[in-house]
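Please examine the protein shown below and follow its features in turn.

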Amino acid sequence: MNADNAVSGARVKVKSRGIRTSAGEKAFTVFNYVFFVLLGLTTIFPFINLIAKSFSSEAAVVSGIVTFWPIDFQVGTYKYVVQNSMFMNAFKVSLTVTICGTLLSLFMTTLAAYPLSKPRLRGRKFFILMYIFTMLFSGGLIPTYLLMQQLHLIDKLPVLFLPAMVSVYNMLIIKNYFESLPDALEESAKLDGAGNLTILWRIMLPLSLPVLATIALFFAVQFWNDYFASLIYINSAHLKPLQLYLKELFVSSSDTFLRAGQDINVDAAMNTSPQAIQAASIILATLPILLVYPFLQKYFVKGVLVGSVKG
């Protein structure tokens, strides 16, 4: 009995003492919190300012008194932007390019990553070096443009996603993930008579949902934010994506660009300013990508291999 009391007393003393941290560690922790809070605020404040401008009246925006809270709240600016045929056409083009580009790029990148993850592939090191070489060195802008011209892709929608279908960096990430999967899964499937494509489709891909979701998000953000390819290859106004539309929107020094190509709502045009329209356009252009994150977040932290191999 006395021994039990002594042990319990020792435990209480250990718990009461806890782990002591030095003054330097406490200062470092405080510095980290302050630094990351300030870093987060500097990132989010410009976005909040755009939101405030998009919901503020023309007089408040023009006078420059809008900071982080809307003044004379109104939603006419968003109605005006949504009714803009140029904006909606650019939005549809970007949506089409992002969906097609993400699906095709993920498909092609996965098909390249799976065989390169197998040591039994003959010439595997040579192919990997060739891929890495293209990642480090490229033919340049002019040869690429001439190639697109010879393929008759200039001023056509596929030119915005076909040249970027295979990303070497993303392919290496998927390849390394395939290499981390247990070989016992593939060996068991082969004993059951499954072929390589069946193993890839029914075993490897379901187990690789976290990395595939992450790479799909990388591709989606890349295609959605890209404007340089359209700036080089696209001439027709109806094929311009949203990011090129936003670039021309900000480069334009007057609001004539904002009023072009649509049947203007006179009341809305009189109550909006170019700065508010630019802010609302940016918010609407950013919103689709922000909405994708919550749906893919669960795959980033999900442990899909737990229990997949049993002894």
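At what angle do helix α8 and helix α11 pack? This is a predicted model, in which local features need pLDDT of at least 70 and side-chain atom pairs count only at pLDDT 80 or more, while totals for chains, interfaces and linings use all residues. Residues are numbered from 1 along each chain as its sequence is written, and side-chain values use heavy atoms, without hydrogens and water.

Helix α8 (residues 168–180) packs against helix α11 (residues 209–225) at about 175 degrees, and their axes are 10 Å apart. Helices are DSSP runs (H or I, at least four residues), numbered from the N terminus. Axes are lines fitted to C-alpha atoms over the stretch in contact, and angles run from 0 to 180 degrees between N-to-C directions. The two helices, α8 and α11, are therefore roughly antiparallel (an angle over 145 degrees). In α8, N170, I173, I174 and Y177 touch residues of α11, including P210 and F219; contact means heavy atoms within 4.5 Å.

Which residues of distant parts of the chain are linked by a salt bridge? E186 and K118 meet in one at 2.7 Å, N to O, the term denoting a side-chain nitrogen of Lys or Arg within 4 Å of a carboxyl oxygen of Asp or Glu. E186 lies in helix α9 (residues 183–191), and K118 in the loop between α5 and α6, 68 residues apart. By this rule there are six salt bridges.

Terms used
Parallel < 35°, antiparallel > 145°, perpendicular 65-115°, else oblique.
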